[in-house]
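Hi everyone, thanks for coming along. Please take a moment to look at the structure on the screen, and then we'll walk through it together.

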Amino acid sequence: MHDNTLTDRTRVVRLPKRGVYDRPVIDAILDEALYCHVGFAVDGQPYVIPTIHCRVGDLLYLHGSTASRMLRALSAGVPVCVTVSLMDGLVLARAAMHHSMNYRSVMVLGQARSVTDPAERCRALEAIVEHVARGRWREVREPNEQELRATAVLSLPIEEASAKVRTGPPIDDEEDYDLDIWAGVLPLRLIPGAPISDPRLRPGIALAASLEGYSRP
Ligand SMILES: Cc1cc2nc3c(=O)[nH]c(=O)nc-3n(C[C@H](O)[C@H](O)[C@H](O)COP(=O)(O)OP(=O)(O)OC[C@H]3O[C@@H](n4cnc5c(N)ncnc54)[C@H](O)[C@@H]3O)c2cc1C
């Protein structure tokens with residue numbers, strides 16, 4: 001494991017005390033986030049594409065159609081920036097300019113590679129499904145040859161990365177604490193709704209065990 005992911009490019013410059021370079025912190029944020037945003041440039045045009053990711057040890061895996069521009073560009077080795085953000089709360093200060101958000105976010109820089117080894121591809125696809133809903137892989141039909149041929153899998157090493165974390169109450173100017181204005185935090189989190197069965201679900205099929213008690217992380 002690369003324990004220290006700090007480089008000149010990943011050093012948090014604005015509010016550096018919020019920068020974290022410890023792999024356990026980075027990994028926990030990557031694991032809780034359902035999806036990431038993948039930034040890369042093609043012919044000078046930046047694109048930022050939302051995509052499911054998963055982490056296995058020191059690697060982030062992405063997958064998609066072999067026809068995807070994103071996956072074709074990344075497998076050609078263009079520099080990539082992957083970000084995830086978890087929103088933990090709205091921070092309402094007494095002063096307009098001190099409003100903020102509590103969050104945990106991660107940025108990973110590097111170059112992805114195309115995963116070609118069939119066993120690693122299969123493990124990565126399983127990990128992506130498990131990242132979305134733990135236990136789901138064992139409940140479903142495995143990919144067939146045609147589906148595997150149409151699917152690209154990429155890996156990105158988590159070597160150059162940073163986390164940035166804000167927690168706690170607002171930070172107002174000292175003289176503003178006497179104002180008669182409510183201030184504090186509105187916690188926000190991702191909460192699953194009630195599952196909606198597929199209208200074509202055959203009668204008598206019980207809810208997937210992987211959804212029982214679903215939560216992130
Ligand atoms: C939460 C989430 C998870 C996803 N997970 C995956 C995944 O795991 N694998 C995967 O392959 N795809 C995933 N997608 C879809 C992904 O965002 C892209 O649409 C898809 O990968 C096609 O990429 P592309 O580079 O081939 O786009 P292209 O079709 O080549 O893009 C052409 C143009 O279409 C528009 N466009 C493309 N995608 C989007 C978008 N998402 N939103 C708005 N405009 C868009 C842009 O203008 C872009 O320039 C996910 C999307 C979301 C929102």
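Let's start at the ligand: one of its oxygen atoms is 3.4 Å from an N or O atom in the side chain of Ser 68. That falls under the idea of a polar contact, a pair of N or O atoms within 3.5 Å; within protein, one must be able to donate a hydrogen and the other to accept it, and residues adjacent in sequence count only if both atoms are side-chain atoms.

Before I go on, a quick word on what we're looking at. This is a predicted model, where local features need pLDDT of at least 70 and side-chain atom pairs count only at pLDDT 80 or more, while totals for chains, interfaces and linings use all residues. Residues are numbered from 1 along each chain as its sequence is written, and side-chain values use heavy atoms, with hydrogens and water left out.

An oxygen atom of the ligand sits 2.9 Å from a polar backbone atom of Met 70, and a nitrogen atom of the ligand lies 2.7 Å from a backbone N or O atom of His 63. How much of the ligand's accessible area does the protein cover? On its own the ligand has 870 Å², and the protein covers 47% of that; these areas come from the Shrake-Rupley method with a 1.4 Å probe, and for residues only the protein chains shown count as cover.

Which elements give two or more residues to the shell around the ligand? They are β3 (45–56), β4 (59–65) and α2 (69–75). Helices here are DSSP runs of H or I with at least four residues, and strands are runs of E with at least two, numbered from the N terminus. β3 gives the most, with five residues. The residues around the ligand include Tyr 35, Tyr 47 and Arg 69, where being near means having a heavy atom within 4 Å.

Now follow β3 to its neighbours. Strand β2 (residues 35–42) pairs with β3 in the antiparallel sense over eight bridges; to pair, two strands need at least two bridges found by DSSP.

On to β4: β3 and β4 run antiparallel and are joined by four bridges. His 53 has Leu 62, in β4, as its bridge partner. This hairpin also has two residues between the strands, and Gly 57 takes a positive phi near 60 degrees.

What about disulfides, meaning pairs of cysteine sulfur atoms within 2.5 Å? The count comes to zero. For Cys 54, the nearest cysteine sulfur is that of Cys 36, 10.0 Å away. Is Cys 54 buried or exposed? Cys 54 counts as buried, because its relative accessibility is 1%, and buried means under 20% relative accessible area, exposed over 50%, and partly exposed in between, using a 1.4 Å probe and protein chains only.

One last stop, helix α1 (residues 23–32), where we find Asp 27. Asp 27 is buried, with a relative accessible area of 6%, and a polar contact of 3.3 Å joins its side chain to that of Arg 55.

Methods:
A disulfide is a pair of cysteine sulfur atoms within 2.5 Å.
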